[in-house]
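The sequence and structure are shown first.

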Amino acid sequence: MLIDYQNVNIYQENNLILSQVNFHVDENEFIYIIGKVGSGKSSLLKTLYCELDLHPDEADKAEVLGRDLKVLKRKEVPALRKEMGIIFQDFQLLHDRSIKKNLQFVLKATGWVDKKKIDERIEEVLTEVEMVDKIDRMPHELSGGEQQRIAIARAILNQPKIIIADEPTGNLDPETASNIVRLLKNVTASGTAVVMSTHNIPMLDKYPGIVYRCKEGTFSDVTNEYNHLSLNVNEE
């Protein structure tokens, strides 16, 4: 199991955001987290990569990639994050360098030293997201959808066990958003699990997965409610 949360309470400062969270992620799984703005989706995701700390006495179990988050030391967080890919709504590319140099930066920062292997890996991931022809472009020369494809390429560089995507389609038009979710769905074929927060409820039918909902301080598995087209699209 890649993620195992049992009865976890999640706080922002001293405010309880989500209570008694039970959340499990295995290899290959594609997981949606839905809910209104402010319902705790991002807070939950931030606990997974230790941007938001858990209270040790507020969880029966909180394990991510074999680490016990209840006792994980701050100096151990970078090693955990190396096994993850993280994608944000606003892309977070480095705007002072080309796409190739953005990806080189990540690989060198995570211990890659062989220039030939670095170049080969960059070409591989850009081919996977259909962006190899943009390798020498600057981020500002790309559309929002193209920048998000680069963000996905960056996230899969080190063949992570989990990709965490926080509203990755939030700034994109419907067609582009659909293409981004398709790319993320394809990533699971290699064994990587994807955990994605979204407001894009119709996407749940087009690309089915496991669905959890944050609502009024609770966190629950609602997959069975989203297996068919009979969705209340306005609910979230």
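In which sense do strand β3 and strand β8 pair, and over how many bridges? In this predicted model, β3 (residues 30-34) and β8 (residues 193-197) run parallel to each other, and four bridges join them. At one of these strands, β8, Ser197 is the bridge partner of Ile33.

**The sheet**

Both strands belong to an open sheet of six strands with mixed pairing, ordered β6-β7-β8-β3-β9-β10. Its edges are formed by β6 (84-88) and β10 (218-221), each of which pairs on one side only. From one strand to the next, the twist averages 15°.

**The helices on the sheet**

| Helix | Residues | Strands involved | Direction |
|---|---|---|---|
| α1 | 41-48 | touches β3, β6, β7, β8, β9 and β10 | about 150° with β7 |
| α6 | 174-187 | lies across β3, β6, β7 and β8 | about 135° to β3 |

**Helix α6**

At the start of α6, the backbone nitrogen of Glu175 has a side-chain oxygen of Asp173 within 3.2 Å. The length of α6 agrees with expectation, because its 14 residues at 1.5 Å a residue should span 20 Å and its end C-alpha atoms are 20 Å apart.

Which residues of α6 are buried? They are Ala177, Ser178, Ile180, Val181, Leu183, Leu184 and Val187. An α-helix has 3.6 residues a turn, so residues three or four places apart point the same way. The buried set includes Ala177, Ile180 and Leu184, and α6 lies across β3, β6, β7 and β8.

Conventions. Residues are numbered from 1 along each chain as its sequence is written. This is a predicted model: local features need pLDDT of at least 70, side-chain atom pairs count only at pLDDT 80 or more; totals for chains, interfaces and linings use all residues. Side-chain values use heavy atoms; hydrogens and water are left out. Two strands pair if DSSP finds at least two bridges between them. Helices (H or I, at least four residues) and strands (E, at least two) are DSSP runs, numbered from the N terminus. Axes are lines fitted to C-alpha atoms, for helices over the stretch in contact, and angles run from 0 to 180 degrees between N-to-C directions. Contact means heavy atoms within 4.5 Å. The expected span of a helix is 1.5 Å times one less than its number of residues. Buried means under 20% relative accessible area, exposed over 50%, partly exposed in between (1.4 Å probe, protein chains only). A polar contact is a pair of N or O atoms within 3.5 Å; within protein, one must be able to donate a hydrogen and the other to accept it, and residues adjacent in sequence count only if both atoms are side-chain atoms.
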